[in-house]
Each structure stands twice: as structure tokens, then as C-alpha cells.
Amino acid sequence: MIGTDIAIDLGTSRFKIYLDGKGIVLSEPSILAVDNATDEVIAIGSEAYDMLGRTSDRITVCRPLNNGVISDFSMAELLISHYLKQVSGSRMFMPRVVVSVPCGITEVEKRAVVDAITAAGVRKVCLIEEPVAAAIGAGVDIAEPHGTMIVDIGEGAADMAVISLNGIAIANSTHIAGANFNDAIVKYVRKKFNLLIGDRMAEEAKIAIGCAYPRKKLETFLLKGRHAMTGLPETVVMNSDEMIEALIEPAISIVRTVQETLEETPPELLADIFTDGIYLTGGSASLYGFSTLLSKKTKIPVVTFDNPENCVVLGAGKAIKYIDKIDSRGHGKLNPLVAYT
């Protein structure tokens, strides 16, 4: 482990680690369970996720990472330390780290990320903006004087940027993303079926039949919850057309933000995007029909990937090679990384 550099994707829903030379070695939920009586962490990751919606008043399940930034510093520090030790196997001297962060976050939020990771024993932390990492992970040569648009839709935020010459020319962000899709399903089911369901049931329904554009074949999913009037357990069958009704509002909201970003893009870069298409990455990019909706509304082709949720961490991993070039002062290409320690 000594001397091996790593990359980290601090996702709202999943924490991922890329090990130089080995690829993605860890992908776990960014979630902890805390005993309220003792303030002790009793579960982390998948074990804590299984407790979501099933705990007593004594246990609180929390997400210390929100929209790619730290919302609870002490809990985030525990989470990061736990996963880094899990990868290293012992408390040995930790390597250099590349961490992806959303574009547009403040210096205070960046410093919180750096401090939390440094506390785990890391000797050097370099930050890379998520759209840039996603572009590298998608196989784009970001060093060229050529415009590439990345739309990265995660759990807590949707980041979009036009990248050229190793930097971001235009960037935009919205907090409407995967979590809002779940919320929209919960509200729709309550309004139409009088059924109360939890976030996990909404997530399962979204994965099974979620769509932002009509499916070729009508799909159905069995929802289980509590009837709002009687308080008794009840099941309801929801179909994919009803799912469009539930998800179209947040989906259109993301599309509008993409349109606003395109309106601010210089004509030369916009011409490149029109030729190459918009690159769609992030876990929520897998929502059926969203790429079709985005393409029809922007009149631009949309490029999708088999595993869009891994583009950011793969790109951050590929950016490890830039760490050694950070201190060089000679003429050359711009460095997509920013060193903080």
C-alpha cells in the first residue's frame, strides 16, 4: 500500500475508492448508524443502509456527505477513515490522494474535505472538479482546445460543465438530482394512491420502472406501504406511464439547467458540442429515457455509457498521473488538479 496513490469519489449515496494500478476497489454507501444514547457509531456502509427506515428512536442513520460536500464533519471523518483503513488493511503511512469535488463549491467546503481526508493520515490531497473527472473517465482528451459538455447527475446534485484545455469554460449546478426523483415518487404515490412509502421503496421502484420518457412496453411494480387513511398495510401496482408523471418535473428542471448552460457557452465551443454530443454521466444518468428527453429538448445528441456512475471515480483515478506534474513550473499544459496539502 505504501507509495500507491488513490482516488476518492465522495458521493452523496456511495463512497468509492480507486487504487492506482488496480481500479475501483471499494464502492460502499456513504451512510452511518449512530447510537443516540452513547453517540457511538454502530454500523457503516451496507450494514447501516440496511437499517434505513427500520430503526428505533435510539438509532439515527445519517449521511455525512451531501451534494459532494461535508455536512457533518465528525461523522465524515469517521466514514473516510474507516474506508481508507479498509483499503489499506492497516494503519500504515497513507499515500497521496485525488478527491473529486463538485464545481462551484466554496473554499471553506473544499478545506473541510481536505481536512477530513488529511485526518486519516494522508500526506498529500489534490482536488479535481467532478465534471473534469467525469470527462476523463468517459475517455475525453480534456487537454485539447475542443469543447466537451459533461452533465453529471448524482444523488444530491447535477453538475454540468463545458471543458476545454484541461479547464472549465462554463459551469452550472443544480441540487435537483437522484434524491429528488425519489421524493417525487413518494409524493406522487401519496397523492394518487393514498399510500405512504419510504425512500427505499421509492428507490426500488425508480430502478425497476423509473423513466423520463415512455417505454416501448408498459412495465409495472408492486409498491408496499401504509394506507394514509386507515393506517393499515397495503400494496398498489404502479406502471411506467405513472412513473413518467411522477418524475417529469425534476427531469425537466435538470434539462432547463442544461439549456441555460448551453445559452452561456461561447459559439466556438457550442459548435464542438453540437458535433460530439453531450456526455451524460453519474448514477442518475441511468434513468430510462432521460438521455432521449435531454436530446429532444436541446436538439443535441446525447452520449451515454454502460456504467455512468463510475465515470467520476475512474477519471479521478486516471488523473493520479498529474500529481507529479503539479509542482513543475515549465511551459506546458494546464493541470486539472489543485494541490491543498
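Which residues lie nearest the centre of the second largest pocket? The legends below take up this pocket and then the largest one, both in a predicted model.

**View 1. The centre of the second largest pocket.** Among the 19 residues that line the second largest pocket, Leu52, Gly53, Gly198, Asp199 and Arg200 lie nearest its centre. The space in this pocket comes to about 380 Å³.

**View 2. The lining of the second largest pocket.** Strand E7 (65–66), H6 and strand E15 (220–227) each contribute at least two residues to this lining, and H6, with four residues, gives the most. Sorted by class, the residues lining the second largest pocket are six nonpolar, six polar and seven charged.

**View 3. The centre of the largest pocket.** The largest pocket, with a volume of about 920 Å³, has 41 lining residues, and those nearest its centre are Ser13, Glu155, Glu203, Gly283 and Ser284.

**View 4. The elements around the largest pocket.** Two or more lining residues come from each of strand E1 (6–10), strand E2 (14–19), strand E3 (23–29), helix H5 (178–193) and helix H6 (199–209). The largest share of this lining, six residues, belongs to H6, the helix that also gives the most to the lining of the second largest pocket.

**View 5. The classes of residue in the largest pocket.** When the lining of the largest pocket is divided by class, it holds 15 charged and 15 polar residues, together with eleven nonpolar ones.

Definitions and conventions
Residues numbered from 1 in each chain as written. Predicted model: local features only at pLDDT ≥ 70, side-chain atom pairs only at ≥ 80, totals over all residues. Heavy atoms only, no water. 1 Å grid on protein atoms, 1.4 Å probe; cavity = no way out; pocket = protein on both sides within 12 Å on 5 of 7 lines; lining within 4 Å. Points joined across faces, edges and corners; volume = space filled by probe spheres on them. Nonpolar A, V, L, I, M, F, W, Y, C, P; charged D, E, K, R; others polar.
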